[in-house]
Every structure is written in C-alpha cells, then in structure tokens.
2 protein chains.
Amino acid sequence: MDKILRIDVSGDGAPKATVTDLGDYAGMGGRGMTSMVVSKEVPADCHPLGPENKLVIAPGLMTGSAASTSGRISVGCKSPLTGGIKEANAGGQGGQVMARLGYAAIIIEGEPKTDDLYKVYVNKDKVEFTQVNEFRMMRNYPLADKMKAEYGDKVAMISIGPAGEMKMCASSIAVTDKEFRPSRHAGRGGVGAVMGAKGIKVIILDDNGCKMRKPLDADKFKAANKAFVSGLRGHAVTGEGLPAYGTNVLVNIVNESGGFPTNNFKQGQFDDAAKISGETMAELQTKRGGQPTHGCHRGCAIQCSGIFVDKDGNFVSKQPEYETVWSHGGHCGIDDLDTIARMDFMDDDIGLDTIDMGMTLGIVMDAGVIEFGDKEGAMRLLEEVGKGTPMGRILGNGAAFTAKAFGIERAAVVKNQALPAYDPRAIKGIGVTYATTPMGADHTAGYAIATNLLKVGGDVDPLSTEGQVELSRNLQIATAALDATGYCLFIAFAILDQEETFNAMVESINGFYGLSMTGDDVVELGKKILSMERDFNKRAGFTKEDDRLPRFFKREALAPHNVTFDISDEQLDSVFNW
Amino acid sequence: MDKILRIDVSGDGAPKATVTDLGDYAGMGGRGMTSMVVSKEVPADCHPLGPENKLVIAPGLMTGSAASTSGRISVGCKSPLTGGIKEANAGGQGGQVMARLGYAAIIIEGEPKTDDLYKVYVNKDKVEFTQVNEFRMMRNYPLADKMKAEYGDKVAMISIGPAGEMKMCASSIAVTDKEFRPSRHAGRGGVGAVMGAKGIKVIILDDNGCKMRKPLDADKFKAANKAFVSGLRGHAVTGEGLPAYGTNVLVNIVNESGGFPTNNFKQGQFDDAAKISGETMAELQTKRGGQPTHGCHRGCAIQCSGIFVDKDGNFVSKQPEYETVWSHGGHCGIDDLDTIARMDFMDDDIGLDTIDMGMTLGIVMDAGVIEFGDKEGAMRLLEEVGKGTPMGRILGNGAAFTAKAFGIERAAVVKNQALPAYDPRAIKGIGVTYATTPMGADHTAGYAIATNLLKVGGDVDPLSTEGQVELSRNLQIATAALDATGYCLFIAFAILDQEETFNAMVESINGFYGLSMTGDDVVELGKKILSMERDFNKRAGFTKEDDRLPRFFKREALAPHNVTFDISDEQLDSVFNW
C-alpha cells in the first residue's frame, strides 16, 4: 500500500491514470487519508459537483492484512449534501482488495467534457478504462450481475446506481460484499453524486496474483491480533448481541429508553417496535432459513451483517441495519420487516443512503404527500427516485431538500444531513455528536449511545446535560483515529470496555508497521484528523451556528420523558477544545 | 404613521391584533424599519418557516405624503431562500394606503395551529380577520377580482398566490397598483412563503376617511418637493428614458456592453436582443394601444411601469421590467415579447419572483429538461409551479434549488438568490454588489450599472477591477438609506447626477419631519441599516465565504470581452470598512 492512483477525467476521451508514490500522505489511511487529501487539494469554496472537487477512496491502514475485522474503506470529498468535508465509510470487500493491490488511495479528479460513463478496471498490472454508456441508469444489483459475468465473483466492485448518476445528494457508493452483492455502502453525504459528476460508473478491483499484506514484525502482530480477536469474542456486544441479532438488536433498547424517533420525531417510542426488533428479525430469519450471523467481508470476527430472505427462503436484501429499520420503520410508522427489507434492497440497488432516504420518506408523510404507515406508497415513492421523476429528484436529494420542497420546518438534519435513529432529546450525548461533528448529523462519528444506553466505556445518564460534551469529544477523537485504521467501528464496544483489547489493537498496528505507538498517539491522530476537517469546513464558510440542532428539538418536549435538547450552545462550542 | 399593528397567528381560532406605539422603532421606515424589527425580534438561527420568524411590512418614511415618487413599501423577514435577513421592496398602492392609515409597520408573528387561511381587513377604525379557506390556491388576479367585488378598487391589497401558500422559496408578495392589479411585487427572497407560513392569504388596507400625511413645515416641504420633481423631469434617465421605454430600455445598453447573460450565463450577448428591447416594446405597444408610460402608484413623477397589451389591445400583463425580459428572454434564449409578457403575468398571478423564476427556467433548459428557446415548454413548466406538481415544487423553490435537483453546478446565485440581468464578469461593479450585499445577489442593493454603463454619478470602467469596491460601497450605503425613505430607487439617477436634486430630496424629508438632516446623516442612516443586516447574517452563520460569486465566474471567460470575474476576495472583504 505504497502508491496512489490518480484518475483524471478532464481530458479528451477516456480518463487518464497516473500512479505516484505516497509523498506527503505516507502513513495515512482510511479517513485520515481522505480528509488529508480533500483538505490539501480541494478548494474549500468549490462546487461539490464541479471540476475542483475530488473523490478519494482509501482503505484503512490495516486493511488487506490479516488483522481481524479491519476491512473498512473510506470515501471522501467535499459533500454535495453538507457543503463540508465528508468521509463516508463502508464495509465489504473493496478495501481489502484495493489494499492488496497496493493502493493507499484512488483519487478521481477533474471534470469530464462529455456525459459518457466509464468503467475502471484495476489489477496488479494495469489500470484500464472502458466507456460503458450501455450501463446508464443501471441499478447496482444488475450491474453486479454484468460484472460477475465478466470478471467472476472474486473481484470487488465499487459502483454507483442511478442516484449517483443523477447527482442526488442522498446517493451512495456501493461496495460488494463477500458474495459480490452491492450491499455495503459509503452511504452518507451524497458521495455517489461526486462519482457521478466524474463520469465513473463502476470500478473493478482485481487482486488476483496479489498477496495478503505482510506485517513487519510478524510474531508481535500475530500474538496481538489473537488477543484482539479473543477480546472481541469475549465481549457481550461484539461476541453475542451483534452476531446473534445484528445492529437491529438496538430497536428494543432504544425504544425502551424513549429515544426511538417515531413519526418524524413526534414521539420517542413506537408502539409496534417489537414487530421490527432484532429479536423478531432473528427469529423470523432463523425460521425462514436466512442467515442472521454473517460477515460483510472476509476476516471479520463479529459477523453482524446477516442476510434477509423472504418466506420462501429467497434473498431479499442484506439484513437491514438498525438505522435502516428505524428510518423506514418507526420513523415512517411502518411495522413490517418484509417491507423494510424490500426498501433496504431498493436503496442499495438505486444507490441511496438508507438513513437520509428513510428520513425523507417520513418527511413527505409529515407533509401529507402520503400517510404515515403507507407501505405501498413509500415503495412507490422510492421507485420514483430510481426513475428520476420530478418527485424522485426531490426525494433523492434527501431530507433537508425534501422538507424545503414541501415547505415544512420539521427536518431533523444538521448541516443538511439527516439525523440517525436516536432522538437527541432523550439521548443527549448523541445530540452533541450530531451537532458538532464536521460530518453533519452522524451517529458513527462519536457513538455516545454506547455509554448513554449500553453502559459501555462508562455510564453517562442519557437524560442529563452533565458529561455529554466530554463523552462526545472523547468518542469523536477515538473514532477519527479508528476510521483511519480500517478497523470496524464496532470493535469500539470491546476496546472501550476492555483495556487489554484496546492494547491488543494498538499492538497489532505496532507489529504490522514496526512502530511503538501508545494510546496517546492514537488520540493525537484522532485530533489531527478532526482539526483538518474542521479547518476545511471553516474555509468552506462553516461557523459555530452550523454546530446546532434544529430549533424544534429545543422547543418541543419529547414523550415519554417530556424532554427537550437542553445542552447549551456554549457547551456545544466547547467540544473541540484543543 | 405613529403606530405598529402586531398580528399574532399562534392562538386558537383567528389571529389576534394588537396596536402599539412605535417605541424603539420611532424614526424608522421602510427597509430601516423591517431590518431593525427582524434584527431585534427574530432569533437569527430560527427556521424561516417556523414560529420564531416574523413578517414585517413597512411603508417608507415619506410614503403616504405628497412627496413625489415615494410610494415604496418594504417587506422583511428571515429569508427562506437565503437564510439571512431580507428586505424585498415593492411599488403599488399598498405603501401609500398603509401609511395614511397610520401604521409604520405590520408585524405578523407566531405559528398557526391549523392550516386555515385568513384575510386581514384594516381600516381607520378596526382590524378584522376572516377565515378564507375558499381562496386556497387561488392566484393573485382572480383574488383581486374577488376583493374588488367586495371592497371596490380604492383599497390596496397585499396578497400571496399559490407559491406563497406552498411556501416556495421563489414566492413573492403582491401589491396592487393604481388599477387594483396585483402587478407590483416584493419579489425577492421568498417573502411570500413566510406570509404563507403565517396562514395569511390577503391583507386589505382601506384608507377611506384617512388624509394625506401632513408635513410639519409645509412651505419648506412644498418648495423642496417641487425642486425635486423638476430635477427628476430634467434628467435624461428619469425624465426621458424610463418614461418612454420603461426599465427595458436597458436591453440594448447591456447587450451592447457584452454583459447581457445569455443561455444561462454562457455568453454576454444575445443575438436577438433587438427583438426584446425596450425600443421594440414601446413601438409595439404604441401601435397596439398599450400604455408604455404609466406609474405603478399615484404621485409618481417617473411613470416607468407601463401596461402591455396583446395584438387585440387586451391586457396581458404590466409592462415586463428589464430583469424579467432578460430572465425569461435572453437567459432562456426566448426572443418573443408576447411570450415574455405572458410569463410575467403568470409569475405575478402565481406569486413568484420573476428574476429567480426566469433564472430557474434557464437552468432546467441547461439541464436538458427542455431546450433553450422552448417557449411553450417554459410556459408549461411555469404552470406546473402554480399547480404544485412535483416539478413545480422544484422550480418554485428557485434557481439554486433547481440546479441541485438536477445535479448541475451552473447556478448563478449568491446566498442562494439568483443573480439579476447583468453579468458580473463584464460589469464588475455590480458583481461586487451581488457578492457582498446582505440580501443575496440583488442589483437594487447597489446599482453599479448606473456608473459602470450609464455614466451616472461618475464613470467607472465596467471591465476594470479599479474603483468597483468603492462604487458598490457608496451605492449600497445610499440605497439602504433610500430604501428607508420610501422614495423609489429610480430617483437615484437624478440625485447621483444632480446635487440640487439630492439636496431637494433631503430638504423634502427635513420639511416633512421638521429636521435638519444633511447628506452625512443620510450616509450614517445607510451604514446603520447595513450594519444591522450584516450583524443578523453573522448571527445566522454567514461568513465572508458567503460574500462570493459562484466559482465558474472566476473560471470561465465570457465572450465577447473574454473576461472572468477578477475582483479579489480581499477586495470584496473590504466593502464594509466602517
């Protein structure tokens, strides 16, 4: 992983590839790499769909090695949704394959002269471009079928659906999983639109003939990795809850807490939560012969990403994540897992962020376009997004855009990005993260739910205003560093609770790179990444006024606790205190 | 004009009226009044369509008096389009009638509990509210017919069309003219949406039994006003060009300069400009029996607001203003005045800003939805806005929104507001105003065209980077003050060129209010208003990054002069230097 592939789409004809060494970017990976490239090379005031923006794809520092659960890939750019810096993170095989090909980053730059679409094929010997206008408006699953027929299913595919081609702000970039399904997505911030603006429909990464990345100190690495896996397997969340139920284990927990946003954030509990819970899903899938326990990439020790099948045992979609179940479920008043799984598939197929898309459906329900709970109506509207009808153009640009189109205030967004599945009034730590992360509302940027509800890494009362800022700060720092390593965020449950597992992770990195990093170095890396990101946003025109939740969270009390979001602006402004 | 009418829409049932004295707002009028109320009473970070925003309607300080050409009315709020402070300015009879009723401001506040629509009727004795749900989605012209049947045509009407009801960001507030036509609009910034969010469909102002406002020093006022009128009549622009041709006299002038934005800012000259020029329009209308010379309100000495009739002599619309002819004409590649006048009528009827709406049509042409020059297509799309179809919801939210919906970079907007009819690359002074005015791109905020092209108030080469900042600064200050007086901006041509006319205006105010203001006091008033506005925007999260033109103006050279916008960011940041 000692080179960078630059793809310039701005010349005549096909894009041009250049391979360079790492230069200034040596030692960076994942989010550290994407944020550093965007920060250094993209003018902060450029148009996200214009020639000055760049799309950066980077595996984590440990990705492509034998390090357990480290297959994440980061996608960065100036976001068409937020107008700020963006890192969207995905699982699947793309990161592993790309890392083994030796590329620490693919940087797509420039502006095409025509609207031709291109395929990029990368193997150990070459980078090849093919015009693929015949794939225009093709969805991700049929595209995967075409690619599988051409390249087999051992390669990895990174692609956009029609949403990315139409440059929609809720468009994602799909990454294929172990079974070559385009089911893992760099979902947030409209990264698919930037790939679409560059005229790249699909990237095929073929690591045939490449080897697993080798550690510098094999013994140290092997021992640390073993201890690390043992730590993951021994923790209740990573060793039991997630493998058994997937992330959707959270429905009952969050609903019980009174922080499960229902009917577009009108209530904090959903009467029919039990019908869509992780426990119900696992029971249903076990009965139907689905696969509740399954990993999104090879080498994962957690295996939270199941497969959802219909009553006849046929594949419907990947097992929808908790946030997807919430956004298309309780948020929309929909209580049917089969419908939710079908919408999850449609999102993946069209190439959409399931959080922003589900949020959007609830907003048009609130605006009276369809009724809350209207399953058929919701699927019909989603289909319009894939077709690019005028209604689809509205919805595909996400929650904030749709609220504006229909003239309603109630859009739970920060920096235009939809809030995920946790009401910040009843779970205040996550509210601090939503408000302040440079990414726009994002639970993964500093997952305070861990400590507010799951009591992992401590215990901070979700309803109190005390301790939330410090909690969010520490989690945001740790996450920024973690997102640079390629380790899955879910290892956080184990490393926050178990010091020896944290140490095993650090030692794995040290063994791999021949370093002697400490926990303090990890913290410094996290701070460095956040500082770069905040500096970019500042240059893009962001101020502390952008680090705020929508006012209705401060005005309207949420049942059952009857709480508002009462973390003060001064508290929010104290998060980044270094 | 010694009282304020507050209308609170938030209680049960009909809105409630309270009449108060002026308090802190004594001595303020027009834009000074609206910006001061918004600045003091509206939380800068509120949602423009939420309960904390207020709609402020205020006649100018001289409005309702015998002062010539002083009938302007200001409408202020936090703008749904820009997210910053907004003053939109209109002619018509509304200001005069309201001022004679004694109201220095109407402030509409709160959030309705239901979606009922209300009519407000104000006469010298009472303020009355009537639920008018039967007018839902009624357009402005049929609404005027209904009101005329009920109240006659001596009252004034302030109303919203379907666009305001649908809370669209390009929605305007209509004000009736001398013939009770809803043809004068507070057009910019989506002020109609705020009136819609308050549930107020129409305000009838009835000054029956009220007298013309009396000057404190009648002799001084009368003499000064006489000198002022004589100055207006003696100047080539206000005494000849505008009365004969209306504002559309500018087509040939701006086209000749190479700053007439054509086909969505791709060229600086329109081949068919002669077909849509003011000279052609005046000739056509004289032949048809239209009325090229006609005032928008009683007491106007300029008479630039003509009436446009069809070949059979039937009313089509008011004579479209230059910016409307440009936005629906050259910008869209449309060269037919009859089509442009019909679209002008549709905009007024639906309640839309003709600048943002025309800009939007050119953008969907650029995006390939219809072809440049497609007259029928453009009218069909406009009709969709009035009906609120999904396509209409996109377009009605304006140029920036529409560009986002269709994923194109090329939207000539600042602070989300569409640039008017002058290309900033070829006429750089107006570019400074577009970039820096707190209002979002707005030619009226500091009309550098006067000096760059018309050589009024000096001569600053439009293609040079020299002198533009000072020019824009001085004009922005003068305009802010002028917008507080109620005098029409068009008097600026005469008062910039003729010192005695400027003095006559100041003496008119002094005579009316018994003051002894000097020119310096006028400058101080302008600075005070601008400072309040900029402070609001800062609190709303605006930074210097918001005071920029879209990057394509810096990147793409404009024919025929092959110039980019090369005023530096540092120059732009030096405009407000006090």
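This is a conversation about a predicted model and some of its residues.

Visitor: What should I know before I start?

Guide: This is a predicted model, in which local features need pLDDT of at least 70 and side-chain atom pairs count only at pLDDT 80 or more, whereas totals for chains, interfaces and linings use all residues. Residues are numbered from 1 along each chain as its sequence is written, chains are lettered from A and ligands numbered from 1 in the order in which they are written, and side-chain values use heavy atoms, with hydrogens and water left out.

Visitor: How many helices and strands are there in chain A?

Guide: Chain A has 23 helices and 16 strands. Both are DSSP runs numbered from the N terminus: helices are H or I runs of at least four residues, and strands are E runs of at least two.

Visitor: What does the C-alpha trace of chain A span?

Guide: Along its principal axes, the trace spans about 60 × 55 × 50 Å. The accessible surface of chain A is about 18000 Å², and carbon and sulfur atoms account for 48% of that surface. Such areas come from the Shrake-Rupley method with a 1.4 Å probe, and for residues only the protein chains shown count as cover.

Visitor: What share of chain A counts as buried?

Guide: Of its 578 residues, 66% are buried. Buried means under 20% relative accessible area, exposed means over 50%, and partly exposed lies in between (1.4 Å probe, protein chains only).

Visitor: Which residues touch the most other members of the largest nonpolar core?

Guide: They are A:Y422 and B:Y422, in a core of 286 residues. A nonpolar core is a set of buried Ala, Val, Leu, Ile, Met, Phe, Trp, Tyr and Cys residues joined through side-chain atoms within 4.5 Å. In soluble globular proteins, nonpolar side chains tend to be buried together.

Visitor: What is A:Y422 in contact with?

Guide: Apart from neighbours within four places in sequence, the contacts of A:Y422 include A:L250, A:Y322, A:I430, A:Y434 and A:H443. Contact means heavy atoms within 4.5 Å.

Visitor: Where does B:T436 lie in chain B?

Guide: B:T436 lies in helix α16 of chain B, residues 428-436. This residue counts as buried because its relative accessibility is 1%. A polar atom of its side chain lies 2.7 Å from the backbone oxygen of B:V432. Apart from neighbours within four places in sequence, B:T436 is in contact with residues including B:K415, B:R534, B:D547 and B:F576.

Visitor: Switching to A:H294, is that residue buried or exposed?

Guide: A:H294 is buried, because its relative accessibility is 4%. Its place is the loop between α9 and β13 (307-309) of chain A. The side chain of A:H294 makes a polar contact with the side chain of A:E179 at 3.0 Å. A polar contact is a pair of N or O atoms within 3.5 Å; within protein, one must be able to donate a hydrogen and the other to accept it, and residues adjacent in sequence count only if both atoms are side-chain atoms.

Visitor: Which peptide bond in chain A is cis?

Guide: The bond from A:A559 to A:P560 is cis, with omega near 5°. A:P560 is in the loop between α22 (552-555) and α23 (569-572) of chain A. In chain B, a cis peptide bond joins B:A559 and B:P560, with omega about 5°.

Visitor: What about the phi of B:N562?

Guide: B:N562 has a positive phi of about 50°, although it is not a glycine. Its place is the loop between α22 and α23 of chain B, and B:N562 is exposed because its relative accessible area is 54%.

Visitor: What is the phi of A:N263?

Guide: Phi of A:N263 is near 50°, a positive value in a residue other than glycine. A:N263 is in the loop between α8 (250-257) and α9 (278-288) of chain A. At 21% relative accessibility, A:N263 counts as partly exposed.
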